[in-house]
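Student: Hi, could you walk me through this one? I'd like to start with the charged side chains.

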Amino acid sequence: MTCIFGSAAQWASVKAIDPDRFERIAAYEEEFGVTIHRTESVRQRVEKAKPYDTLDPLLIEQALSTEYLEPIIVENWELPAGAFGESNGPT
């Protein structure tokens with residue numbers, strides 16, 4: 001969820017989904033005086049974007065859980081929001 005190559009929209013979604021985790025990472029950047037992104041802090045990146053429109057509370061709850069009790073094989077599986085869609089890896 002908190003990939004170093006995350007886009008601004010992914011970081012905005014992290015903040016929306018798990019604000020405590022987001023704040024912990026933002027505080028680390030401030031404490032150590034370095035940012036994950038080359039030129040912007042995660043706070044600056046979030047200011048430029050909005051969370052994904054497709055955030056589903058049920059899927060968020062499942063993703064943050066330590067147990068998964070739903071079926072593993074499904075008929076119509078779809079990539080989760082942000083998966084493989086923005087190509088934000090190293091260039």
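Student: Which residues are linked in a network of salt bridges?

Tutor: Glu 23, Glu 30 and Arg 43 are. A salt bridge here is a side-chain nitrogen of Lys or Arg within 4 Å of a carboxyl oxygen of Asp or Glu. Please keep in mind that this is a predicted model: local features need pLDDT of at least 70, side-chain atom pairs count only at pLDDT 80 or more, and totals for chains, interfaces and linings use all residues. Residues are numbered from 1 along each chain as its sequence is written, and side-chain values use heavy atoms, with hydrogens and water left out.

Student: Good to know. How far apart are N and O in the bridge between Glu 23 and Arg 43?

Tutor: The separation is 2.9 Å, N to O. The pair links distant parts of the chain, with Glu 23 in helix α2 and Arg 43 in helix α3, 20 residues apart. Helices are DSSP runs of H or I with at least four residues, strands are E runs of at least two, and both are numbered from the N terminus.

Student: And is Arg 43 buried, partly exposed or exposed?

Tutor: Arg 43 is partly exposed, with a relative accessible area of 28%. Glu 23 also counts as partly exposed, at 33%. For the cut-offs, buried is under 20% relative accessible area, exposed is over 50%, and partly exposed is in between, using a 1.4 Å probe and protein chains only.

Student: What does Glu 40 pair with?

Tutor: Glu 40 has a salt bridge with Arg 45 at 3.2 Å between the closest N and O atoms, and another with Lys 48 at 2.3 Å. Glu 40 is buried, with a relative accessible area of 13%, and Arg 45 is buried at 13%. Lys 48, in contrast, counts as exposed at 60%.

Student: How many salt bridges does the count come to?

Tutor: The count is 6.

Student: What about Glu 29, which has no salt bridge? Where does it sit?

Tutor: Glu 29 lies in helix α2, residues 19-32. Glu 29 is buried, and the nearest side chain of opposite charge, Arg 43, is 6.7 Å away. For charge, Lys and Arg count as positive, Asp and Glu as negative, and His and the chain ends are not counted.

Student: So what does the Glu 29 side chain reach?

Tutor: The backbone nitrogen of Val 42, at 2.9 Å. Glu 29 also touches residues including Val 34, Thr 35 and Ser 41, leaving aside those up to four places away in sequence. Contact means heavy atoms within 4.5 Å.

Student: Switching topic: which residues of helix α1 are buried?

Tutor: In α1, residues 8-17, the buried ones are Ala 8, Ala 9, Trp 11, Ala 12, Ser 13 and Val 14. Their cover includes α2 and α3.

Student: And how many buried residues does α4 have?

Tutor: The count is 0 among its 8 residues, 57-64, and α4 is hardly covered.

Student: Last one: how many helices and strands does the chain have?

Tutor: The protein chain has 4 helices and 0 strands. Buried residues make up 21% of its 91 residues.

Conventions
A polar contact is a pair of N or O atoms within 3.5 Å; within protein, one must be able to donate a hydrogen and the other to accept it, and residues adjacent in sequence count only if both atoms are side-chain atoms.
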